[in-house]
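Subject: Structure handover

Hi,

Here is the structure I promised to pass on. My notes on it follow below.

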Number of protein chains: 4
Amino acid sequence: MKTVLMTAFEPFGGEDVNPSWEAVRALEGKQIAGATIVTRQLPVVFSEVLNVLNQALDEIKPDAIISVGQAGGRSDITVERIGINVDDARIPDNAGKQPVDEAIVQDGPAAYFSRLPIKAIVAAVREAGIPASVSQTAGTFTCNRVMYGLLHWLQTQGSSARGGFIHIPYLPEQAAQHPGAPSMSSANVIQALEIAVRVTLEIKEDLKVVGGATH
Amino acid sequence: MKTVLMTAFEPFGGEDVNPSWEAVRALEGKQIAGATIVTRQLPVVFSEVLNVLNQALDEIKPDAIISVGQAGGRSDITVERIGINVDDARIPDNAGKQPVDEAIVQDGPAAYFSRLPIKAIVAAVREAGIPASVSQTAGTFTCNRVMYGLLHWLQTQGSSARGGFIHIPYLPEQAAQHPGAPSMSSANVIQALEIAVRVTLEIKEDLKVVGGATH
Amino acid sequence: MKTVLMTAFEPFGGEDVNPSWEAVRALEGKQIAGATIVTRQLPVVFSEVLNVLNQALDEIKPDAIISVGQAGGRSDITVERIGINVDDARIPDNAGKQPVDEAIVQDGPAAYFSRLPIKAIVAAVREAGIPASVSQTAGTFTCNRVMYGLLHWLQTQGSSARGGFIHIPYLPEQAAQHPGAPSMSSANVIQALEIAVRVTLEIKEDLKVVGGATH
Amino acid sequence: MKTVLMTAFEPFGGEDVNPSWEAVRALEGKQIAGATIVTRQLPVVFSEVLNVLNQALDEIKPDAIISVGQAGGRSDITVERIGINVDDARIPDNAGKQPVDEAIVQDGPAAYFSRLPIKAIVAAVREAGIPASVSQTAGTFTCNRVMYGLLHWLQTQGSSARGGFIHIPYLPEQAAQHPGAPSMSSANVIQALEIAVRVTLEIKEDLKVVGGATH
């Protein structure tokens, strides 16, 4: 039996919930495409988040990893293309720290591309009637730190496991407090994440379809 | 037993569904706050839509009327404040007609304010965890035509019935075809419309809370 | 010699300048299409703004009136279609007052359409290479109050003078303090307003071209 | 005397002008902070653009390089943080080619960070009253290809020259054809680029100020 590790975050930025954890925890123990989902909540704390992630990776030795985070203001499921080697916090983290232009890994490479079949995931999620797209930036906050840290861990461990990051919109109940902000129902997010797991396990080679941006 | 008429539209603009009709038809026959919901689908045809509406009003003699329409690109439930006396079609209607700057009612007043308790509806929908806001414009297409036409009918009939218009976002399956567009689940829209009916029937005087725009 | 009155506002909402006044005061005394421009600054104070406007109208007896206001967040010159009979202040005015859902004129009509050739102005401004569009709502703050008040004055005075309202974007120096906000140079705004005056004086019948919104 | 190479692009995507070239060519031969500006226009053609760039670099041996490109839809001067090793063309280039998910440099690093003092440039441009911000993605079209290609050339040549990429908005005359799109005057863009050159030559160490994104 294969194991898929899914991570998500605790609330931050004044929110009561984090939609990533609301969705991911609903998948704990679920069987998808012959694999079991194991979940972990990560702290929105720069100095701790990769310790918690790495410990989970060491302990679980997953066959694939999908990390999930909240992207308040985005309308759709966004599958991240790349994680970059920098922390530049627009707001303080949950420990009150706000690093600016610090490398995540000293002398690490500038970036890692996702190991997920990002185009195939977007296509399959849309096919299911749920808005999705490729994103060219995961930002420079703890989400990007987890994406970069995860891919750096896989690289330095010599692992061939697939792994990457997916951002999700606010929940409707969050957007009700942010007039004008788009949202997505928990049911849709959960279904999209199940699709992402299935595609990650079943699709060997990613689709060659457009998912870029002119800028 | 009171009767509430709810109207919604057929698909237009190249869409296969209209989320307004998907939501409203789910409420047909439902009992809310001591009233029965009766529903009608309206054509997205300038020359016909008010005939169909007025015939329904004559036949049903509803105690309250809520008309609903799709606002592709908006993120939340938007309760319209005002309908204005002009058709100015950005795209052709379903009969291929595109009126420009024509009065809906010759020598009619420039506008009618909604007779719904718009602030109380927005507050109650948000309270239920569903994004909502007041909108200062219903546009100049068939939605605005229905809003103006409805309020003109109530006025000229000497009716004291409440009536107004609510715009709703794309469904997720529509937004999946419009990258970047926000959406709302059918379940959330239906719940919001039920709340709107209940508040319309139960709240006598609208709330005095901010819902304006600086421009 | 004809006279055109142009009004603009003092700064509000924490800004140091109001781009409407920066542009309009540059036109003081200018001759356009055989008319002289006279300018007035209006206070962003609900209880005073129409007194100042009406006094200027009584005193100057202009042949045409164009009122201008700041629309922070809009990208282009927006020529307003309609002013509505309601104050609903999203933020306090410069006297600290924040009226909610109060009629501008008790028992006044719900709205007045602009008396400007709005489509012809938009077309001519675009032709000059400056972004412009028709707007279906002037909001519910002091800008809308001036538009409604101006058109009500013209109506009740039996005047046939043309009059209406134009919103303009932030200046670049304002947008530099509002990351992500669009802006327009003072030179472009001034040129657009000159065109608006010229078109208002020279074009008898407005163009029949699309300028509407589906919602 | 030092030399600064500035590159910009030919028109693409159906436009008659490219605002990057309109601004950059105005700087040809100009002296800024003790350096002379040399300019080159680049083709919006994936298969050619780096040949033209590299030839210019070989020939001019500049002390610093700032490449500039159009970002239609952005409101402000955006200084790019990173170029990534992928072409994924949302639209065809000027030769009709549309590469999807192809590496710019086979076995090249995933990304290069800008060598410009991006925070100091943003701060100085804003200080001059012109909207600016850091961007976390240069997209995946020819702009990103130039940024990555430039930084790869500097790296492989063992050069310590500063270099990077700046995106600029539409010109007003372009935005007049794209209703709703923001724009910036040529004068403001030119001034912003002069500031970028000056800061690049004069500021040794970049500012430590926030310029990140949560996602």
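Start with the overall count: there are 40 salt bridges in the structure over all chains. Bear in mind that this is a predicted model.

One of those bridges sits in chain B. The side chains of B:Glu202 and B:Arg198 form it, with N to O at 3.9 Å. That is within the 4 Å cut-off for a salt bridge. Why are B:Glu202 and B:Arg198 separated by about one helical turn? Because they are four residues apart in helix 6 of chain B, residues 186-202. As a general point, side chains of opposite charge can pair when their charged atoms come close.

Chain A with chain D

Now the interfaces. Chain A and chain D each put 38 residues into their contact. Together they bury about 2900 Å². Carbon and sulfur atoms account for 61% of that area.

How many salt bridges does the count give between chain A and chain D? Eight. One salt bridge joins the side chains of D:Arg81 and A:Asp88, at 2.6 Å from N to O. The count of residue pairs in polar contact between chain A and chain D is 18, both residues being at pLDDT 80 or more.

Which elements of chain A give two or more residues to the side that touches chain D? They are strand 6 (82-84) and strand 7 (111-113). Strand 7 of chain A has the largest share, with three residues. By class, this side of chain A holds 17 nonpolar residues, 13 polar and eight charged.

Chain D with chain C

Here 17 residues of chain D are in contact with 17 residues of chain C. The buried area between chain D and chain C is about 1200 Å², and carbon and sulfur atoms give 55% of it. Which residues of chain D lose the most area to chain C? They are D:Arg126, D:Pro131 and D:Ala176. Together they make up 31% of what that side buries.

Helix 5 of chain D (residues 172-175) gives the largest share of the side that touches chain C, three residues. The residues on this side of chain D divide into eight nonpolar, six polar and three charged.

Chain D can be laid on chain C by a turn of 180° and a shift of 0.0 Å along the axis, with an RMSD of 0.0 Å. In chain D, D:Pro182 has the C-alpha nearest that axis, at 2.8 Å. Again the copies meet through the same surface, because 100% of the interface residues of chain D are also interface residues in chain C.

Pairs without contact

Two pairs of chains do not touch. No contact joins chain A and chain C, and their closest C-alpha atoms lie 13 Å apart. No contact joins chain B and chain D either, with the closest C-alpha atoms 13 Å apart.

Aromatic pairs

A search of the whole structure gives 16 aromatic pairs over all chains. Take C:Tyr112 and C:Tyr148: their ring centres are 5.1 Å apart and their planes are at 50°, so the pair is tilted. C:Tyr112 lies in strand 9 of chain C (residues 111-113) and C:Tyr148 in helix 4 of chain C (residues 142-156). The pair therefore ties together parts that are 36 residues apart in sequence.

Best regards

Note on methods. Residues are numbered from 1 along each chain as its sequence is written. Chains are lettered from A and ligands numbered from 1 in the order in which they are written. This is a predicted model: local features need pLDDT of at least 70, side-chain atom pairs count only at pLDDT 80 or more; totals for chains, interfaces and linings use all residues. Side-chain values use heavy atoms; hydrogens and water are left out. Contact means heavy atoms within 4.5 Å. Buried area is the accessible area (1.4 Å probe) that two parts lose on being put together, summed over both. Ala, Val, Leu, Ile, Met, Phe, Trp, Tyr, Cys and Pro count as nonpolar, Asp, Glu, Lys and Arg as charged, and the others, Gly among them, as polar. A polar contact is a pair of N or O atoms within 3.5 Å; within protein, one must be able to donate a hydrogen and the other to accept it, and residues adjacent in sequence count only if both atoms are side-chain atoms. Copies are superposed by least squares on the C-alpha atoms of residues with pLDDT of at least 70 in both. Rings of Phe, Tyr and Trp (its six-membered ring) pair if their centres lie within 6.5 Å; planes under 30 degrees apart count as stacked, over 60 as edge-to-face and the rest as tilted.
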